[in-house]
Amino acid sequence: MPGLLRVAVLVSGRGSNLRALIAARDVGLGIELVGVFSDRTRAEALQHARKAGVPELCMRTAEFGDEAGYQRAFFSTVAACSPDLIVCAGFMRIISAMSLASSAPMINIHPSLLPKYPGLDTHRRVLAAGDPVHGATVHRVTRDLDGGPRIAQVRIPVRSGDDPESLARRLLPHEHRLLVACVTALAAGDVDLVDPACVRFRGTPLDGPLALAEDGALSRG
Ligand code: GRF
């Protein structure tokens, strides 16, 4: 039996993806949440962590001279809880190459079918382009903003009458399922990030993201 995967979660806001990870922990999906770290004091996510008994900490940018100094302090605090994996779950900050180089492997959940729509405002951009399908991606964090190797995706149809809010609302529960599926696959060793250049699934490099099925299973797309 492998031990529990030690997961640190980085947040800036609402924390619904964090709650999905807390629920996964609570049903014994192979993870231990070793810390929740925020760059915003008002992040609701901090309250979810507190309620769930996960150590949480907020470090405000204003307390540091510059971004490089902030990230040095922030990521050395994260490293002090010895995570095996760092999950960015609504962490609204561009992570520097230096921070990435000195940290455990990091993944991010992004609300689009990457490489389409990196950055912000994805739901509005999907609708403006008239795409029939939308979705979310979990990918490895690298120096390319939302451009690291993709681990898995979930897709949903765009409905006539959708607006950015309804689309975001319908996608969110699927994001939660996707993130939990990816983190538990990493905990089980089905997915590994040992090679920084690629994601491996059951020992073989992926040439595209895994697909999430209705039943929560991940398979080659
Ligand atoms: C999610 O839509 C996630 O895909 C994006 O930021 C949002 C965070 O939501 N990166 P929450 O804080 O997890 O509720």
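Select Gly 15 and the ligand: a backbone N or O atom of Gly 15 lies 2.8 Å from an oxygen atom of the ligand, a polar contact (a pair of N or O atoms within 3.5 Å; within protein, one must be able to donate a hydrogen and the other to accept it, and residues adjacent in sequence count only if both atoms are side-chain atoms). The model is predicted: local features need pLDDT of at least 70, side-chain atom pairs count only at pLDDT 80 or more, and totals for chains, interfaces and linings use all residues. Residues are numbered from 1 along each chain as its sequence is written, and side-chain values use heavy atoms, with hydrogens and water left out.

Now show the whole shell around the ligand: Arg 14, Gly 15, Ser 16, Asn 17, Gly 90, Ile 109, His 110, Pro 111 and Glu 175 (one heavy atom within 4 Å). By class, this shell has 2 nonpolar, 5 polar and 2 charged residues. Helix H1 (16-26) and strand E5 (106-110) each supply at least two residues of the shell (DSSP runs numbered from the N terminus: helices are H or I, at least four residues, and strands are E, at least two).

Next, follow the loop between E5 and helix H5 (122-129), where Pro 115 lies. The peptide bond from Leu 114 to Pro 115 is cis, with omega near 15 degrees. Tyr 117 is found in the loop between E5 and H5 as well; Tyr 117 has a positive phi of about 55 degrees although it is not a glycine.

Last, select the open antiparallel sheet, whose 3 strands run in the order E8-E9-E10 (two strands pair if DSSP finds at least two bridges between them). Strand E8 (191-192) and strand E10 (204-205) are the edges, each pairing on one side only. Strand E9 (residues 200-201) pairs with E10 over 2 bridges in the antiparallel sense. Pick Arg 200 to find its bridge partner in E10, Pro 205.

Technical notes
Ala, Val, Leu, Ile, Met, Phe, Trp, Tyr, Cys and Pro count as nonpolar, Asp, Glu, Lys and Arg as charged, and the others, Gly among them, as polar.
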